[in-house]
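Dear colleague,

Please find below the structure that I am handing over to you, with its sequence.

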Amino acid sequence: MTEAEIVAVLVHEGDVIREDAPLLEVETDKAQVEIPSPMGGRVEKIHVEPGQTVKVGAPLVTFADGAAEQGAATSPGRSTTAARAAAAPTRAPAAPPPAVAPPAVRAEGPAAATPATRRLARELSVDLKAVRGTGPGGRVLDEDVRAAASGPRGAAAPATAAARAATPAGPARPLAAVGADTPPLPRFEQWGPVERAPLSHLRRTIAERMTLSATLIPHVSHFDRADITDLDAIITRNLEAARVKGVTLTLTSFLLKAAALALLRHPTFNASLDPGAGEMVLKRYYNLGVAVATERGLIVPVLREIDRKPVLEIARELAALAQRVRDGKATLDDLRGGTFTITNIGALGGTAAIPIINYPEVAILAVARARQEAVVRQGQIVPRLMLPLTLTFDHRIADGADGARFASEIVQLLEAPERLLWE
Amino acid sequence: MVMGDLVDEVEVAVLGGGPGGYSAAFRCAELGLETVVIDAAQRLGGACLFEGCIPSKALLHVAAVLNEAERAKEFGVDFGEPRITLDPLRKWKQERVVGKLARGLASVAKAKGVEVIGGRGVFEDSSTLRIEVGETLRKVRFKHAIVATGSRPSGLPGLTRESERIMDSTAALELPDIPERLLVIGGGYIGLELGTVYATLGSRVTMVEMTAELLPGVDRDLVQPLQRRVDKMFAAIHLGTKVATLHEVGSEVEAVLEGRGAERFDRVLVAVGRRAQSDGIGLEATRVRLTERGRFVQVDARCRTEDPRIYAVGDVTGEPLLAHRAMRQGKVAAEVLAGRPAAFDNVAIPAVVFTDPEIAWCGSSEAQAKDQGLTVKVAKFQWAASGRAATIGRSDGLTKLVADASSGRVLGVGIVGPGAGELIAEAALAVETAALIEDVAVTIHAHPTLSEGLMEAAEHLLGA
């Protein structure tokens, strides 16, 4: 870009304006953009008028206070550093903001990258045209795509899916670390006899992971109840038919399906926070963990691609998987790759439970025992089978309203079980 | 719903069993999606296998053998006059070529658990297909559908086509006889391929093309060697000429060519292009949108239509109407359905005209690259300098390489000469992977082969 046309001047001489206030509207060959003021102060002189074409480097506006420095248009295409500097709150020349800078020199023709690199770019939601290739002949390499995905490097900051999902996304940077060292324990022996037992490997793992999750993640819990009278009737009616097919129909299989369908519509609950990158990682697969109580302790095996499987298949897989876990025959792959977890403590009773998120997932759903309750329906008190649910989620990623909506989606699915059978 | 209707529920219903349809269905099945194909003829292969690419290439092979035998006289080998018996020729094409491939596709479908339902499929809404098989009615409820209904030959607007002597490409491939005088209307790839087949089999071929050139839109450098050959082979080529009327008169067809008067032929082949088969399948009952021009189904790079449940692939989605584009799109649609990050973002879609000599190209032509505002450098390697071309007595070929002047990236390649259709594969890989001319120039190409032409062209640019 070498020149731009001034469309409108939004300030008057003598105006006192703050930094970032709209200063000018200019039209380049790329776009019409509003230029914010790079500094606050009093406008002493305006050097341009609407309709005028200005060359890059020409003064636009002079500010009064301090040394009377001149604003000048710089070329964002050629020199983003200059454009960046211009936007910094110093006495620097006014310039189109870096946001309008054409990201790469290559404007026409297909992106120079191999099909495999292009696939990677899609996976990481990186716009290839905005990546400056470092390979021979400007070819975009896998490394370039990864670098673009993990944060801005120079002029070519890619728009990631996460950044697009949220409103204005600044540059990604690590979150501040939270340290929590275990304080020394008191000498318990001073109050009576004690015994020390070593932790099993599993117990140690659970302890470490729960500490990690509870320390790192600000947990919020949301409570709801689902009327599963109809769903329960369906399960009861079909128990025998399913058994003939060698499947034990359980509420948990329906819960898994309902959760997966709700996750499809609420992708933030199927994500992970990457504090190092300052990004949300939205997973496009729906692998749900199920908390299984074993004699040795809690294990969470993972069922894959729940969104694409019918309930009967989920029930079959769940039974087989739970058996493998209880037999101690689960493979590492059975336990990895989950995106969301369900824990059903109904068999053991309880009216509600607040689960801890299975790090690094974003949310976990706990259900307690379903009970017949007196419920008012159309002015009548009727007995309905009510299932208490608790959704615990990561407040860094989702807010209370999001959690309420997500939980409500699950409740609605459980209350209209035919939708679970159809999807 | 009427009692007794058969209703199937599937995850994916593919409408049309051509290359786009079966590629999509096979990939869906591989990715664990329950898939059925609905095909009017209850077979996989589509126009490509039964009335297009495959049978035409079988006949072109016959033509090539005849031409080679004729050429052999130059180096002292005379086979005598060929005698052509149509029955065994048709039988070979139909059973040994088409039939064999069709059985192969059917067994692949069986192995992958893809059911092929026979009947005309019509959308009732965005989740139901009605399938008409004679009197019985069957319905398929689907989670997703992939429209792959392809294309069919265009007719000549205003001209009757009721005579069996006026054939479209499908009828011409049946090889009803070898007409003494054949009029080919249309100088595109279909007219040229079938025109050369019939000319080699003994017909006197007259070709009429409405525009001023054969293979409109194709690089002239590539067309020229073919033009020289068909100028000799055909009785006449009338460019810039329209057909005013066609009438069957006794056992002949009288054609009136604008500005040339009436002429009589034994048969006429109408090869003026193909059109989308987007009508009559109930798309109006869905949210699928069609383009104004050509009535093609509008799709995005992920083969999604405006209807979230319905995808579309292949000829029905627009130019270029090529089986291999459809196959790639079919796989993309399947992977997108399965939640994978696939997209039809291919840079190079090779195109091949299977005439003698063959013409093939991929990526950007010199003209297209310049239209995109790119500064290009171009190398033309004449096969007169190729050892391999000399040994097969064919020095009329050319390999043309178009590269970006500043980066050296290979943007496009055009080849004319025997085997161009095979040679273009390397070029497609180069363009698709954004290879540089240096990459091509330093890759060792076997000697003596025609493939050296691309290396020579790249070396020339590297030195330039």
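Chain A contains 11 helices and 19 strands; helices (H or I, at least four residues) and strands (E, at least two) are DSSP runs, numbered from the N terminus. This is a predicted model, in which local features need pLDDT of at least 70 and side-chain atom pairs count only at pLDDT 80 or more, while totals for chains, interfaces and linings use all residues. Residues are numbered from 1 along each chain as its sequence is written, and chains are lettered from A and ligands numbered from 1 in the order in which they are written.

Of the 423 residues in chain A, 32% are buried; a residue counts as buried if 20 or more other C-beta atoms, placed from the backbone, lie within 10 Å of its own, as exposed if 12 or fewer do, and as partly exposed in between. Among contacts in chain A between residues at least 6 apart in sequence, 57% join residues at least 24 apart. Two residues are in contact if their C-beta atoms, placed from the backbone, lie within 7 Å.

Chain B has 13 helices and 22 strands, and 47% of its 464 residues are buried. Of the contacts in chain B with a separation of 6 or more, 67% are between residues 24 or more positions apart.

Two sheets of chain B deserve a description. In one, five strands form an open sheet in the order E8-E15-E9-E10-E11, with parallel pairing; two strands pair if DSSP finds at least two bridges between them. Strand E8 (166-167) and strand E11 (236-238) of chain B each have a single partner strand, so one side of each lacks a neighbour in the sheet. Strand E10 (residues 204-208) of chain B is joined to E11(B) by three bridges, and Met207(B) has Ile237(B) as its bridge partner in E11(B). Helix H6 (residues 189-201) of chain B packs on this sheet and touches strand E9 (181-185), E10 and strand E15 (267-270) of chain B; the direction of H6 makes about 160° with that of E10(B). Such axes are lines fitted to C-alpha atoms, for helices over the stretch in contact, and angles run from 0 to 180 degrees between N-to-C directions.

The other sheet is open and antiparallel, with three strands in the order E12-E13-E14 of chain B. Its edge strands are E12 (243-249) and E14 (261-265) of chain B.

Finally, the contact between the chains takes 17 residues from chain A and 15 residues from chain B.
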